[in-house]
Structures are given as C-alpha cells and as structure tokens.
Amino acid sequence: MQDFFPAAFLNSIPPALRELPQQVRAQTGIALRVQEIDEAFAQRHPSFANAAAVLDIDHVQQAITIRVAHAALSPRVIAHELIHLKRNVLESVPKFFPVASASAAEIQSIYLLENALEHLFVVPEEIAAYPGAEALWAHDYAAWVESSKHNGFALCLHWFFLRLVLPYQKAVAEACAAHLNAMQDPYLIRVAEYLRRTLQDQRPDKLAMQQTLLKAIDPALRSHIAIGRFAVRDGRLIAERLIEGAWDPA
C-alpha cells in the first residue's frame with residue numbers, strides 16, 4: 001500500500017485495516033495492488049464499469065487488486081475494500097459466484113445479490129470507522145432506489161439493506177416502499193419484508209443467509225449460482241465450492 005499512497009493518506013485508514021495487506025501477504029505471498037478502473041478492465045468486466053471501487057481477487061493468477069475509479073479515490077473507499085479483503089481472504093466467508101453458463105445479465109444480478117448480502121457486514125464496519133459514511137450511503141441508495149423502481153428484484157435487495165443497515169434513513173426507505181407498492185405485487189412486498197426479518201435473525205451466519213436468499217429468488221437465476229469461498233492452502237490462495245455440504249477445490 002505504501003507504494004501507492006502518501007503516508008497522510010494511509011494514516012486516515014484505521015490501523016487494523018491498514019495492516020491487512022501485510023497479513024494477506026504473509027499468508028498467501030500475494031502483494032496487494034491498487035489500480036484505476038480503466039477502459040480495459042471495464043470492457044472485461046462490464047458489471048463493474050461504473051463502480052466506485054471493486055476488489056478483484058484472481059486466485060488463478062495469484063493476484064489481488066483494489067480497482068478504484070479515479071474520482072472516487074479516498075481513504076474511506078480503500079478502507080471499504082480492505083474490509084471486503086479481510087472477509088474474503090482472511091475469514092474465507094462464503095460467496096455467491098456465477099457458474100460458467102450464466103449470461104451477462106445473470107452475472108450482473110448474481111453480483112448484485114452477493115454485494116447486497118455482503119454489505120450487511122461491510123458497511124456497518126465502514127460506518128463505525130467513518131461515521132460520515134452513513135449519509136453518503138443514504139445518498140447513493142436514494143439514487144439506486146430511484147433507478148430500480150421498475151426492478152422488483154433490486155428493490156427487495158435495497159429494502160433489506162436499508163432497514164438493517166440504515167434504519168434511521170427513513171426517507172430513502174419510504175421511497176423504496178413506495179416503489180414496491182407501485183408494482184402492485186403483494187407477493188413481492190411479502191418477500192422483501194420476509195427477507196428483512198429472516199436475514200436479521202440469521203446474522204452473522206452468512207451461509208444460512210445465502211440459503212434464505214436462494215429460496216426467495218427466481219429458480220432460473222438460482223440455477224446459475226454457486227456458493228464458493230476463497231481459502232489459503234499451503235501458502236496459496238485457492239477457490240473452493242460448496243458441494244453437498246462440503247468444501248471442494250473449484
């Protein structure tokens with residue numbers, strides 16, 4: 001990290017997070033890189049073309065890169081991705097992955113699903129380190145709720161995040177509820193509220209939370225989702241897939 005940012009920048013990142021790249025390197029031998037989200041990356045990964053930042057973990061190439069849009073670069077954004085890094089590599093939390101047969105649209109939906117679930121853990125830790133981040137997330141979600149007003153799947157994901165992570169941002173939640181009601185689908189409203197209650201009760205068991213989400217989504221999308229995780233074995237980063245309750249190398 002010191003190769004990319006001046007000391008003053010690093011000093012704005014909480015010490016526990018600042019030490020994560022060294023911890024990851026000690027366990028995997030992989031040095032964390034930070035690079036801009038450029039046109040080449042956006043073309044390869046269109047789902048992340050407009051992202052502020054993304055954690056890019058490539059176990060095949062043994063590379064870990066935080067990719068950041070130039071305009072979004074800040075200690076808070078880097079800290080957010082470092083929390084993802086901790087959970088993905090050091091804690092080996094389970095994740096949703098698209099299978100090879102998934103279409104581009106399905107891949108985007110799967111990443112949206114995984115990000116929504118993982119943010120139930122990451123964003124509260126970010127807000128604890130940067131209290132001003134709550135208002136920034138509320139601002140972002142206000143825009144995402146509005147852009148998702150005809151997408152019931154996305155609105156359900158937004159609903160449980162807003163109620164579980166930003167419970168005091170009532171105006172954004174009310175806008176999300178209004179769009180859900182406007183779709184005139186009582187089943188959709190019941191699903192959104194069921195997810196809020198069930199995920200709240202299941203935290204922090206992410207695997208149980210994943211199973212809940214899988215039951216609630218369209219079977220056509222479900223068939224393109226695998227549950228996997230990153231793990232460190234013999235000093236190398238590998239990917240494992242959950243198959244019949246056991247973790248097997250992917």
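Predicted model: local features only at pLDDT ≥ 70, side-chain atom pairs only at ≥ 80, totals over all residues.
**View 1. Trp 137 and Phe 161 form a tilted aromatic pair.** Trp 137 belongs to helix 7 and Phe 161 to helix 8, so the pair ties together parts that are 24 residues apart in sequence. Both partners are covered: Trp 137 counts as buried at 7% relative accessibility, and Phe 161 is buried with a relative accessible area of 0%.

**View 2. Helix 8 is largely enclosed by the rest of the structure.** Twelve of its 14 residues are buried, among them Gly 152, Cys 156, His 158 and Trp 159. The buried residues of helix 8 pack against helix 6 (104–129), helix 7 (133–147), helix 9 (170–182), helix 10 (186–202) and helix 11 (206–216).

**View 3. Thr 198 sits in helix 10.** A polar atom of the Thr 198 side chain lies 2.8 Å from the backbone oxygen of Tyr 194. Thr 198 is buried, with a relative accessible area of 15%.

**View 4. Three strands make an open sheet in the order 1-3-2, with mixed pairing.** Strand 1 (33–36) and strand 2 (53–58) are the edge strands, each pairing on one side only. From one strand to the next, the twist averages 25°. Strand 1 pairs with strand 3 (residues 63–68) in the parallel sense over four bridges; here Val 34 has Ile 66 of strand 3 as its bridge partner. Helix 5 (residues 75–90) packs on the sheet and touches strand 1, strand 2 and strand 3, with its direction at about 30° to that of strand 2.

**View 5. Phe 97 and Phe 230 meet edge-to-face.** The model has six aromatic pairs. In this one the ring centres are 5.8 Å apart and the planes lie at 85°, so the pair is edge-to-face. Phe 97 is in strand 4 (residues 95–98) and Phe 230 in strand 5 (residues 225–233), so the pair ties together parts that are 133 residues apart in sequence. Phe 97 is partly exposed at 24% relative accessible area, whereas Phe 230 counts as buried at 6%.

How values were computed:
Residues numbered from 1 in each chain as written. Heavy atoms only, no water. Buried < 20%, exposed > 50% of the residue type's maximum accessible area, 1.4 Å probe, protein only. Helix = DSSP H or I, 4+ residues; strand = E, 2+ residues; numbered from the N terminus. Contact = heavy atoms within 4.5 Å. Pairing = 2+ DSSP bridges. Axes fitted to C-alpha atoms, helices over the stretch in contact; angles between N-to-C directions. Polar contact = N/O pair within 3.5 Å; in protein donor to acceptor, adjacent residues only side chain to side chain. Phe/Tyr/Trp six-rings, centres within 6.5 Å; stacked < 30°, edge-to-face > 60°.
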